[in-house]
There are 2 protein chains.
Amino acid sequence: MEKEELTLERLEKIIAEKNVIALRELFENEQTIDIAEKADRLDDIKQLVFIFKTVKSEYTAELFGYLSPENKEKLVNVFTDKDLMELIANSYTDDIVDFLTEMPANLVTRILKVSDKDTRADINHLLNYKERTAGAIMTTEYVTLLSTFTVEEAMASIRKIGREAETIYTNFVIDAKRNLVGTIDLDDLIFSDPKEPIVNVMNTDFRVVDVYTDQEEVAQDFKRYDLNAMPVLNKDHRLVGIVTVDDVIDVIEEEVSEDMAKMAAIRPLEDSYINSSVWALAKKCIPWLIILLVLGIGASVVLNIFEETIGAVPILAAFIPILMDGGGNSGNQTTVLVTRSLALNEITPKDFLKVVWKEFRVSLIVSLAVAAFCFIWVFFELSTGILGYSALTGLTGWAWFFAVARIAALVSLTLGTAIIVSKIIGAMLPLATAAVGLDPAVVSSPLLTTIVDVVALVLFFFASAQIFNLI
Amino acid sequence: MEKEELTLERLEKIIAEKNVIALRELFENEQTIDIAEKADRLDDIKQLVFIFKTVKSEYTAELFGYLSPENKEKLVNVFTDKDLMELIANSYTDDIVDFLTEMPANLVTRILKVSDKDTRADINHLLNYKERTAGAIMTTEYVTLLSTFTVEEAMASIRKIGREAETIYTNFVIDAKRNLVGTIDLDDLIFSDPKEPIVNVMNTDFRVVDVYTDQEEVAQDFKRYDLNAMPVLNKDHRLVGIVTVDDVIDVIEEEVSEDMAKMAAIRPLEDSYINSSVWALAKKCIPWLIILLVLGIGASVVLNIFEETIGAVPILAAFIPILMDGGGNSGNQTTVLVTRSLALNEITPKDFLKVVWKEFRVSLIVSLAVAAFCFIWVFFELSTGILGYSALTGLTGWAWFFAVARIAALVSLTLGTAIIVSKIIGAMLPLATAAVGLDPAVVSSPLLTTIVDVVALVLFFFASAQIFNLI
């Protein structure tokens, strides 16, 4: 049976024909997120409304979550209170909260008004947690089981209340005082004797986080312990919510995007690239460019001081880019590897000496290989005349050879030294910033470039001045 | 009840005292990965062997998976065939395969020899899939259910065969010809009438991948559809394995590390940073440094051509770093944002015009802000004498002001233009490389720097030559 492809045109046609049966079948047979992608591009809000009036609310609640903020807002504006109530009843509170943070205040008020009392309390509660904490990403729909239950009673309870929960694969065992005493995975219940008390089956060495825990830490616990869901406690150590693995995957992606942005000297975006406005993007790009401009003063001063050296041997200027880029790139390689390794908790600032020693050895090999190639390359550039060097005029034989080799040796030795220095600094900076509690991704790259530029240029011009007897 | 902290010393003490009870309790109460971290640092392999002889094999199989390759090898060398058999019986095939790829050939042979026939066939099979494909990360332990089953029969079957499976939360429904006809989540079984045929409950719009699918695509499907497990088909469309969500989290981290390395001009590491040898790291760092060195010829030639301009107005050399770094950094910001957005499937090469138009507007704002600041900053550097400018000697009043302002205007206008050009190139490069099927992370950053360096320097010296009437 060949399945008809899901296109925007097909969706438009079904809606234009008011083909209720085809539309319902579409939602039965296709993934909601795939339909949402097309539905989001419908021109007329009435087309979307038709979908919401026609299709089962379990599908439309999910569909709603995937739409753009603009379409969500338009829909809420035309929804009756009853439509809204149904939408909220079919959504998990963490998804409602995500959506409310994008909406204007009057719509938020309206949505809270039509929610039932419990849901409203939950939403208000979640809205108050700081972004990027466990409190902000947790959901309040989970299964709690009493510690006095048998496996059989637990299963009956899950069958009864589990439909409302975001997961039933991990359930939470509480005592009479509502203290969390264990977690129990559904598979352990399935494989246990129905008469067994659940206290004999539950895990007591479970991990917990509190509502203020940073979402990155939560994600790290999920990865480390291969969790499906994790309990979140308030400051009185009571269970107030759970974080589920699907939300954690989003957190990982978000944190990675943030780290990449930081490494590229961009302040972290509040939203995805595609949803960020031109103005928001510009605002995130400007600060570091200005800071780096100011820090560039070091390299400027060096070049200014050695003005006369360049004046005397103008060919030297041609190698400034090679030295700056070569030093910067090799140091940045190390910084990115070490920063990522820190982010994955493979290393900690305590491994300072070990990592620096490792990078020192790496830098020796890299330096040797690159400097050797650089010698040949510069020799080639000068001897072919790709780079014009006035001092060569009239020279022949060994005199010519030594004049070319002198520059090639100068550039390659400087580059080799710059690589060693910048790889060691590139290893030390992220470890040191992490040790004092700063974010290694933010501080390391810009500082590195600044320092390495100065080091490479000073080395180069100092050596040049020596070689050409200009000091 | 205060829990005693888990330290290496405590573990050593328990082993030294041969305290069997304490050791077993430790594994009951602590997460295995936390114990493994300490156990991996024990000096004597005999201490590890004591743990393996004392603790239940369900714990030691997991512990084994977390140890370093060196310790794994040492253990396998002292294990009897019976020990090995028990270890393999208690491990999932995907974990055994991961470990075998790290071991020397003679140990692999020995392990295959002690495995039972089915396991051996599975392992051999998995070992043959190319790294980073669905075949290489899948496991062969999963639950298949016959499509003729009722919910009750399905549950009975899961209770019977599910203990061996890596997950029972998603199960796979096959027809009499062993074709995969649906997937069924455990929660749907739990909430269904026991007498209901499972064909009425199962999902028929499930996602599949084949054994050759790249692991990155598998991960993207998991994220997009919030999956728990996904079926893997061979080329005859038969079910041969499943990929589970915990393995996918590792894939995401691995792919991210790879992308970050690529963006920093490092060839992707085969292993984590911490497990990579000095030699392996150096080998990954050298190639791009050499390529970039060669590509640096463009900037070198520009500086070589404008040698006389620098000779005539030596202060110009001082601004080379500002222009190269400023242009490179602003372009790199865009490249990283666009590359990441491509990796997350938020945009595709089809959005070329949309993204370039967006970045053009961003670049106008950034350019204006940074150039304005740059004018003030250069004016400050020159007027305070931080950068010495010989042409100012003897000038006073407006003549002095105009001489300083001329340089400040020259630098800031060049920087402003370079920012616009480099942000547009920075947007175009990853989109264009992705459009022709290349990896945007690999190609974009190095090409960008090369192009932007040349553009910024040409702009600067051409404008300088005009202003100072040197052409």
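This is a predicted model: local features need pLDDT of at least 70, side-chain atom pairs count only at pLDDT 80 or more; totals for chains, interfaces and linings use all residues.
Colleague: In E6(A), which residue is the bridge partner of A:Met230?
Modeller: E5(A) also pairs with strand E6 (residues 239-244) of chain A, in the antiparallel sense over five bridges. The hairpin of E5(A) and E6(A) has five residues between the strands, and A:His237 takes a positive phi near 65 degrees there. For A:Met230, the bridge partner in E6(A) is A:Val243.

Colleague: How many of the five residues of strand E5 of chain A are buried?
Modeller: A residue is buried if 20 or more other C-beta atoms lie within 10 Å of its own, exposed if 12 or fewer, and partly exposed in between, with C-beta atoms placed from the backbone. Strand E5 (residues 229-233) of chain A is mostly covered. The number of its five residues that are buried is four.

Colleague: How many helices and strands are there in chain A?
Modeller: Helices (H or I, at least four residues) and strands (E, at least two) are DSSP runs, numbered from the N terminus. For chain A this gives 22 helices and six strands.

Colleague: What radius of gyration does chain A have, against that of a compact globule of 471 residues?
Modeller: The radius is taken over C-alpha atoms, and the globule rule is 2.2 Å times the number of residues to the power 0.38. The C-alpha atoms of chain A fill a box of roughly 95 × 60 × 50 Å along the principal axes. Where a compact globule of 471 residues would be near 23 Å, chain A has 31 Å.

Colleague: How far apart are the centres of domain 1 and domain 2 of chain A?
Modeller: Chain A is divided into domain 1 (8-128), domain 2 (144-253) and domain 3 (296-467), with bounds from an automatic or database domain assignment. Taken over C-alpha atoms, the centres of domain 1 and domain 2 of chain A are separated by 29 Å.

Colleague: By what turn can chain B be laid on chain A?
Modeller: Copies are superposed by least squares on the C-alpha atoms of residues with pLDDT of at least 70 in both. The RMSD is 0.1 Å and the shift along the axis 0.0 Å, with a turn of 180 degrees. That is the relation of a two-fold axis. The turn is 180 degrees.

Colleague: Why do the copies meet through the same surface?
Modeller: Two residues are in contact if their C-beta atoms, placed from the backbone, lie within 7 Å. The copies meet through the same surface because the share of interface residues of chain B that are also interface residues in chain A is 99%.

Colleague: What angle does the direction of H15(B) make with that of E6(B)?
Modeller: Strand E5 (residues 229-233) of chain B pairs with E6(B) in the antiparallel sense over five bridges, and B:Ala229 stands opposite B:Thr244 in E6(B). H15(B) packs on the sheet and touches E5 and E6 of chain B. Axes are lines fitted to C-alpha atoms, for helices over the stretch in contact, and angles run from 0 to 180 degrees between N-to-C directions. The direction of H15(B) makes with that of E6(B) an angle of about 65 degrees.

Colleague: Is B:Val256 buried or exposed?
Modeller: B:Val256 is placed in helix H15 of chain B. B:Val256 and B:Glu216 are 40 residues apart in sequence and 9.9 Å apart in space, C-alpha to C-alpha. With 22 other C-beta atoms within 10 Å, B:Val256 is buried.

Conventions. Residues are numbered from 1 along each chain as its sequence is written. Chains are lettered from A and ligands numbered from 1 in the order in which they are written. Two strands pair if DSSP finds at least two bridges between them.
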